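Welcome! Take a moment to turn the model around on your screen, and then let us walk through it together, one region at a time.

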Amino acid sequence: MAAIYRAAYRRAALFYRSHSTYVRKMRYLNKLKEDDSLCRQAQTSGTFYIFHNLSPFLQKVGKKYLIPQLSAAEMKRILEKFKETEQWIEKSVLIGCSDEHVPHFALDLGALERSVIEVELEGSFTDLRKAFFVVDEKDSSLLASAQGLLRWHDSHQYCSKTGQPTQKNVAGSKRVCHASGITYYPQMSPVVIILVSDGSRCLLARQASFPQGMYTALSGFCDVGEAVEEAVRREVAEEVGLEAESLWYSASQHWPFPSSCLMIACHALVRRQQLEISMNSLELEEARWFGLEEIMEGLKREPKSAKQDNGSYLPWFPPKQAIAHKLIDEWVKQQTSQPTQVL
Ligand SMILES: NC(=O)c1ccc[n+]([C@@H]2O[C@H](COP(=O)([O-])OP(=O)(O)OC[C@H]3O[C@@H](n4cnc5c(N)ncnc54)[C@H](O)[C@@H]3O)[C@@H](O)[C@H]2O)c1
Ligand SMILES: [Mg+2]
């Protein structure tokens, strides 16, 4: 028996020596997703981000907005206040863990009285459309993924084939219909976002529903069966009537509006011989070319200062939390560090 323990200890020691903190963390999270009893146990020592009908709980400290993590004991205390049992904690979903393997969960307390929790915890449940832009950048991506997962569970309570209730695993990484045996996994919609350039100008557009004066890069949902490159070429053709000739990938982002989009951001060049925009007015209100100077001024402009005396708006661009901002920033860097590209 002692030999078995020694061998297990040696294996564990070797694992710790040979894997980075990151690898160990990812392996641990993966185990929690696969092992219900381990995850149930982890819930007793984890921390919780709370939501109310998909609005995250924020606390204002000075000028900063923070998203507090509640301990399992604090969660228990709040639930006791409502005469609710700890079983509520099983409704939570796993969203990550610390380097020290303290697991983080998100839990929606939508069925409980909102104001009572707000008074008790000295903060407020805030619509994600505001919360996302006022917290620190790393917190905004955490809020986006936590809300995306909670939203998916909320809207997948029933099997779409049998109409029977589905059950989530403890971590919340899937739901199963025991009548049909179908396993459902959380979904997101891939969206391409493309900053089109002709080498010296870039193309930005606005939809009628955007705030006044805001322009952003072209975007569109990928069709089933389409590669990213095909989606980019199709969206550019559909929305502005141009042919994207070459494109290169920049980065991606989980975007929570309207719900769980995987934004895949690219730069694309169009032929110099074919620069006339033919805008699809069913989708866009305006699309036009911007020169470097106008882009640099727009980047400095706050939405509040965009309105002019005559009631019109000067252009401004999405804030840094949006991947469109990164594309525009990269384009500026490229323009200012390299000679103009000629196709
Ligand atoms: N993070 C950023 O920087 C950034 C910038 C621009 C757009 N976006 C996001 O990209 C998304 C798509 O942009 P768009 O409006 O230009 O798309 P789009 O050009 O494909 O047009 C939207 C239309 O596509 C259809 N559609 C097809 N599949 C859909 C799906 N899975 N979900 C919803 N609608 C679907 C609907 O009819 C919808 O009205 C939006 O959700 C927007 O919030 C993010
Ligand atoms: Mg679009």
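## A guided tour

In E9, valine 176 is the bridge partner of glutamine 167. Before we follow that pair further, please keep in mind that this is a predicted model.

The pair belongs to two strands, E8 and E9 (residues 175-176), which are joined in the antiparallel sense by two bridges. As background, strands of a sheet pair through backbone hydrogen bonds, and they may do so in a parallel or an antiparallel way.

**The protein as a whole**

Stepping back, you will find 10 helices and 16 strands in the protein. Its C-alpha trace spans about 75 × 50 × 45 Å along the principal axes. Of the 343 residues, 43% are buried. Among contacts between residues at least 6 apart in sequence, 64% join residues at least 24 apart. The accessible surface comes to about 18,800 Å², and carbon and sulfur atoms account for 51% of it.

Which strand pairs with E5 over four bridges? Strand E6 (residues 103-108) does, and the sense is antiparallel. Within this pairing, cysteine 97 stands opposite proline 103 in E6. The two strands form a hairpin with five residues between them, and histidine 101 in the turn has a positive phi of about 65°. E5 is largely enclosed by the rest of the structure, because four of its five residues are buried.

The other hairpin is made by E14 and E15. Here, too, five residues lie between the strands, and serine 260 takes a positive phi near 30°. Strand E14 (residues 244-255) pairs with E15 in the antiparallel sense over 10 bridges. E15 also has a parallel partner: strand E11 (residues 189-197) is joined to it by nine bridges. Strand E15 (residues 261-270) is mostly covered, with nine of its 10 residues buried.

Serine 92 is located in the loop between helix H4 (72-81) and strand E5 (93-97). Is this serine 92 buried or exposed? Its relative accessible area is 0%, so serine 92 counts as buried. Its side chain makes a polar contact of 3.3 Å with the side chain of glutamine 43. Leaving aside neighbours within four places in sequence, serine 92 is in contact with Gln43, Phe48, Phe105, Ala106, Leu107, Lys168 and Val170.

Serine 219 belongs to strand E13 (residues 218-221) and glutamate 239 to helix H8 (residues 228-240), so the pair ties together parts that are 20 residues apart in sequence.

| Residue and its atom | Atom of ligand 1 | Distance |
|---|---|---|
| Glutamine 253, polar side-chain atom | nitrogen | 3.2 Å |
| Glutamate 283, side-chain N or O atom | oxygen | 3.2 Å |
| Isoleucine 323, backbone N or O atom | oxygen | 3.2 Å |

Taken alone, ligand 1 exposes 850 Å², and the protein buries 61% of that area.

How values were computed
Residues are numbered from 1 along each chain as its sequence is written. Chains are lettered from A and ligands numbered from 1 in the order in which they are written. This is a predicted model: local features need pLDDT of at least 70, side-chain atom pairs count only at pLDDT 80 or more; totals for chains, interfaces and linings use all residues. Side-chain values use heavy atoms; hydrogens and water are left out. Two strands pair if DSSP finds at least two bridges between them. A polar contact is a pair of N or O atoms within 3.5 Å; within protein, one must be able to donate a hydrogen and the other to accept it, and residues adjacent in sequence count only if both atoms are side-chain atoms. Accessible areas come from the Shrake-Rupley method with a 1.4 Å probe; for residues, only the protein chains shown count as cover. Buried means under 20% relative accessible area, exposed over 50%, partly exposed in between (1.4 Å probe, protein chains only). Contact means heavy atoms within 4.5 Å.
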